[in-house]
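Here is a short walk through a protein model for someone meeting it for the first time. Have a look at the sequence and the structure, then read on.

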Amino acid sequence: MKDLVYSLRIGKGGSKLRLEIRIAGYGGQGIIRAGRILAMTASLYEGKYAVMTQSYGPESRGGHCKSDVVIADEEIDYPMVSNPDFLIAMSQEGYDLNIHLVKKEGVVILDSTLVKRCLLYTSDAADEGLGVDLGGRRI
């Protein structure tokens, strides 16, 4: 994870890290728990500052929900995600509502069994379950 985090630093020449991550799906998928685990892991094991905010509808299961995580090298003064570096889309609605927010060089990870309409390029290897190619970058 360290290589990935340090390659995503904002600016050049040792500038400070601020990663914005949005996990979107529907209630019952563990979206909120995933965000909480991600924020706690960054804080406890990597020594970063991290905050997690959540949003969900009145339904206990099946309604749209999202978990936003901000990870930084210094105290976080604005905890909201506006242009995510990462979007993890676990439903079609989660993808549709958030894809336009992702930074130009951002990474999108999706559940291909639930997200059927998307603007991403996938390789034959992805169709065979061997890997995922997002915009020409193999994941």
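## R117 and its partner

R117 has a relative accessibility of 55%, so it counts as exposed. (Exposed means over 50% relative accessible area, buried under 20%, and partly exposed in between, using a 1.4 Å probe and protein chains only.) R117 forms a salt bridge with D96, and their closest N and O atoms are 3.1 Å apart. D96 sits in helix α3 and R117 in the loop between β5 and α4, so the pair ties together parts that are 21 residues apart in sequence. D96 itself comes out at 37%, so it is partly exposed. For the record, a salt bridge here is a side-chain nitrogen of Lys or Arg within 4 Å of a carboxyl oxygen of Asp or Glu.

Before going further, a word on what you're looking at: this is a predicted model, where local features need pLDDT of at least 70 and side-chain atom pairs count only at pLDDT 80 or more, while totals for chains, interfaces and linings use all residues. Residues are numbered from 1 along each chain as its sequence is written, and side-chain values use heavy atoms, with hydrogens and water left out.

How many salt bridges does a search of the whole structure find? It finds five. Side chains of opposite charge can pair when their charged atoms come close.

One of the five joins K48 and D73, with the closest N and O atoms 2.9 Å apart. This pair links distant parts of the chain: K48 is in the loop between α2 (31-46) and β2 (49-56), D73 is in the loop between β3 and β4, and they are 25 residues apart. K48 counts as buried because its relative accessibility is 12%, and D73 counts as partly exposed because its value is 23%. There is also a salt bridge between R18 and E20, whose closest N and O atoms are 3.1 Å apart. E20 has a relative accessible area of 7%, so it is buried.

Is strand β1 (residues 18-26) mostly buried or exposed? Eight of its nine residues are buried, so β1 is largely enclosed by the rest of the structure. (Strands are DSSP runs of E with at least two residues, helices are runs of H or I with at least four, and both are numbered from the N terminus.)

β1 pairs with strand β3 (residues 64-72) through nine bridges, and the two run antiparallel. Pairing means that DSSP finds at least two bridges between two strands. Within this pair, R22 stands opposite D68. β1 also has four bridges to strand β4 (residues 86-89), this time running parallel. There, I21 faces F86, and R22 has L87 as its bridge partner.

## From β4 to β5

Moving on, β4 and strand β5 (residues 107-110) are joined in the parallel sense by four bridges, with V107 as the partner of F86. Together with helix α3 (residues 92-98), β4 and β5 make a right-handed β-α-β unit. Right-handed means that, with the strands pointing away from the viewer, the path from the first strand over the helix to the second runs clockwise.

## T113 in the loop

T113 is found in the loop between β5 and α4 (124-127). With 55% relative accessibility, T113 counts as exposed. The side chains of T113 and D111 make a polar contact of 2.5 Å. (A polar contact is a pair of N or O atoms within 3.5 Å; within protein, one must be able to donate a hydrogen and the other to accept it, and residues adjacent in sequence count only if both atoms are side-chain atoms.) T113 and S91 are 22 residues apart along the chain, and their C-alpha atoms are separated by 8.7 Å.
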